[in-house]
Amino acid sequence: MRVFSGIQPTGQIHIGNYLGAIKHWVELQENHECVFCIVDLHSLTIPFDPSALQKRILETAITHLAVGINPEKAILFVQSRIKEHTELTWLLNTICPIGELGRMTQYKEKSRQFKKNINAGLLNYPILMAADILLYQTDIVPIGKDQKQHLELTKTIAKKFNQKFKQTFKIPQAQIPKIGAKIMALNDPKKKMSKSVPQSCLFLFDEPQEIKKKIMSAITDTGKIIKFDPAKKPGISNLLTIYSLFDNQPIEELEKHFKDKGYAEFKKSLAKILINSLEPFRRKRKELLSREIYVREILNQGAKRAQVIAKSVIVNVRKKMGLT
Ligand code: AMP
Ligand code: TRP
């Protein structure tokens, strides 16, 4: 079974990215053929600084290695290095219904957020994502909940292509975690934690002081009871989810344990758990920061391996569409 997933090099990785996606990539690499992609082309659809892009890409690669992606087991590569992604995007463009694109939640949100830069790439973003996935004949796509809609569109495109040009693509399945698929913002638990809103995030490599500060000032709900109720108590429910996932304890146990205790005590304990759980990641990252050549070599090797798969698939697609 082949696994494919991607992440944008748009900023630091936060615990939502980790719990919703990357943590599962680390598990999947043990017994699946995994392909993980740093999607730099996707990141061009929102305002960015060209002179900082290479650094961002390298930092994203270091993050993956620091949390446990093993380059001997998984392929890790940069999207723009493999030209077939853009070629397949164009070909899929010609069969993707426009109406579907305008309905995508992420497109609507991003065009609201970046009113002065509503470019065609933002609209066509899901087609590039479909190309990423289909180019590797992917079986499983581990993602957070926010990407579910894009995956549905990928399936629609794949089925349409197969109908029109004969069986070509595998139909991929999303793998969305039952708990942690949507970690909410620390500063506003009704919205998702998002890289493009830094105040909303607890980053994987935040230093202990920062972690403590962010958790202690995370927005919680009125009342004192520590109870999981996302509709009525989104703030404390989000923190309970985070606690439960990092400490490997069911939420009910945590509710019992903190029954007669206040928010402050709960938060203090959560901060401690996070400081300890994230410590190995911080350490590994610091070590990798001084090994840039090694990290670049991993990306080079990853691209070579990805290229082999991408090429064989695009040759078939060209043939099916009558281009060769
Ligand atoms: P992005 O930061 O948009 O590149 O997302 C990378 C991966 O992290 C995708 O699989 C997303 O679904 C996942 N993700 C992003 N934000 C969250 C969040 N707040 N909670 C859970 N998963 C998330
Ligand atoms: N759109 C995804 C996100 O923002 C990133 C992504 C690009 C992706 N291509 C992908 C995820 C292919 C899974 C598979 O999170």
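The crossing of helices α1 and α10 is left-handed. In this predicted model, α1 covers residues 15–28 and α10 covers residues 234–247. Their axes come within 11 Å and cross at roughly 50°, so α1 and α10 are oblique to each other. To find the contact on screen, pick out I15, Y18, L19 and K23 on α1, then look across to I242, L245 and F246 on α10. Sorted by class, the residues where α1 meets α10 are six nonpolar, no polar and one charged.

N248 sits in the loop between α10 and α11, the latter being residues 251–257. N248 isn't a glycine, yet its phi is positive, at about 50°.

**Two further helix pairs**

Next up is helix α4 (residues 84–93), which packs against helix α13 (residues 292–320). The angle here is about 25°, and the axes are 10 Å apart. That angle makes α4 roughly parallel to α13, since angles under 35 degrees count that way. The crossing of α4 and α13 is left-handed. Which residues do the touching? On the α4 side they are E84, E87, L88 and L91, while α13 brings Q307, A310, K311, I314, V317 and R318. That contact of α4 with α13 splits into five nonpolar, one polar and four charged residues.

Then there's helix α3 (residues 50–67) with helix α12 (residues 263–289). The axes of α3 and α12 come within 8 Å and cross at roughly 130°, and therefore this pair is oblique as well. α3 passes α12 in a right-handed crossing. From α3, the residues I62, L65, A66 and V67 meet F281, K284, R285, L288 and L289 of α12. By class, the contact of α3 with α12 holds seven nonpolar, no polar and two charged residues.

**Around the ligands**

How many residues surround ligand 1, and which are the closest? There are 17 around it, with G144, D146, I183, M193 and K195 as the closest. For ligand 2 the count is 13, and Q8, Y125, M129, D132 and Q147 come nearest.

| Residue and atom | Ligand and atom | Distance |
|---|---|---|
| Q8, backbone N or O | ligand 1, oxygen | 3.1 Å |
| N17, side-chain N or O | ligand 1, oxygen | 3.0 Å |
| M193, polar backbone atom | ligand 1, nitrogen | 3.0 Å |
| Q8, polar side-chain atom | ligand 2, oxygen | 3.3 Å |
| D132, polar side-chain atom | ligand 2, nitrogen | 2.7 Å |
| Q147, side-chain N or O | ligand 2, nitrogen | 3.0 Å |

Q8 is worth a look, as it turns up beside both ligands: a backbone N or O atom of Q8 lies 3.1 Å from an oxygen atom of ligand 1, and a polar side-chain atom of Q8 lies 3.3 Å from an oxygen atom of ligand 2. N17 uses its side chain instead, with an N or O atom 3.0 Å from an oxygen atom of ligand 1.

D132 places a polar side-chain atom 2.7 Å from one, and the side chain of Q147 has an N or O atom 3.0 Å from one.

**One more loop**

Where does Q137 sit? You'll find it in the loop between α7 (120–134) and β4 (140–142).

How values were computed:
Residues numbered from 1 in each chain as written. Chains lettered and ligands numbered in written order. Predicted model: local features only at pLDDT ≥ 70, side-chain atom pairs only at ≥ 80, totals over all residues. Heavy atoms only, no water. Axes fitted to C-alpha atoms, helices over the stretch in contact; angles between N-to-C directions. Helix = DSSP H or I, 4+ residues; strand = E, 2+ residues; numbered from the N terminus. Parallel < 35°, antiparallel > 145°, perpendicular 65-115°, else oblique. Left-handed = near helix turned anticlockwise from the far one by under 90°. Contact = heavy atoms within 4.5 Å. Nonpolar A, V, L, I, M, F, W, Y, C, P; charged D, E, K, R; others polar. Near = heavy atom within 4 Å. Polar contact = N/O pair within 3.5 Å; in protein donor to acceptor, adjacent residues only side chain to side chain.
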